[in-house]
Amino acid sequence: MFYWFMKRVLVGPLLKVLFRPWVRGIENVPAEGGAILASNHLAVVDSFFLPLVLNREIVFIGKNEYFTGAGIKGRLTAGFMRGVGTIPVDRSGGRASEAALRTGLRRLGEGKLFGIYPEGTRSPDGRLYRGKTGVARLALESGAPVVPVAMIDTDRAQPIGQRLPKPTRIGIVIGEPLDFTRYAGMENDRFILRAVTDEIMYALMSLSGQEYVDVYAATQKARIATGHAEAASSQDAGAATAPGGRPAPEVHVPVPPEDDAGASVG
């Protein structure tokens, strides 16, 4: 109930007016049944805009820090995240992350939508980073299709370090579902998990037009924090130009449809 109240009454209408979101490929989201929506991650507000354009409820994994903040602001944030169904995850990995994935599996088993950011954290510079294999495990264990989603310009609306987003038109491009049922029963094979994850990231690269970097976003954030970002970029220059070591496709960042009147979400 709180989810729909936020979307239709309290927050959704304001977001539509301020950011005029446009969407392409909405027909690729299954009308029923469980599905994994795997998205690139440019800004905190990504988790607001994707639900805004869908006719079905979707919940995401969210970092555990959203639920552990102190003071009034911390309690309000935690209450909001719980109200919209966000699933807390300890990004240190191990059993804590496993518990969040199990929660996602239960949701998929109930025929619902589950959202995940394969990069594991926001991109530090607008590029697309190496995907973590949790999304592949979800797909193989659940048998659910993976729908790739590209968020466009949300990092312009809310750059890293900026708490409140500024009105900037944003877009969402949704690709065709990816079926990995051919790998059923192989969820413990790390090579299969990497291949599936790379296929998902390749789809995201093709949809978003982002440059791909074959390191984890968290690793690059650590490099930036220690002042080694330039050296890291130079070091990565000879790395794979697309997920899985394939040549990079010719891609372009999507732009709003020319028919502006019909482009925004209704």
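Gly-131 sits in the loop that links strand S6 (128–129) to H6; helices (H or I, at least four residues) and strands (E, at least two) are DSSP runs numbered from the N terminus. The model is a predicted one, in which local features need pLDDT of at least 70 and side-chain atom pairs count only at pLDDT 80 or more, while totals for chains, interfaces and linings use all residues. Residues are numbered from 1 along each chain as its sequence is written, and side-chain values use heavy atoms, with hydrogens and water left out.

Gly-131 counts as buried because its relative accessibility is 0%; buried means under 20% relative accessible area, exposed over 50%, and partly exposed in between (1.4 Å probe, protein chains only). Leaving aside neighbours within four places in sequence, Gly-131 is in contact (heavy atoms within 4.5 Å) with Pro-118, Arg-194, Thr-197, Met-201 and Tyr-216. Its C-alpha atom is 7.4 Å from that of Gly-120, 11 residues away along the chain.

Beyond four places in sequence, the residues touched by Ile-36 include Leu-108, Phe-114, Ile-116, Val-135, Leu-138 and Ala-139. In soluble globular proteins, nonpolar side chains tend to be buried together.

Two helices show how elements pack. The axes of H2 (residues 12–19) and H3 (residues 46–53) are 11 Å apart, at an angle of about 100°; axes are lines fitted to C-alpha atoms, for helices over the stretch in contact, and angles run from 0 to 180 degrees between N-to-C directions. H2 and H3 are therefore roughly perpendicular, a label for angles of 65 to 115 degrees (under 35 is roughly parallel, over 145 roughly antiparallel, the rest oblique). Gly-12, Leu-15, Lys-16 and Phe-19 of H2 meet Phe-48, Phe-49 and Leu-52 of H3.

In H9 (residues 217–225), Ala-217, Gln-220 and Arg-223 are buried. They lie on the same side of H9 because they cover an arc of only 115° around the axis, taken from the directions from the helix axis to the C-beta atoms. Gly-227, with a positive phi near 80°, follows H9.
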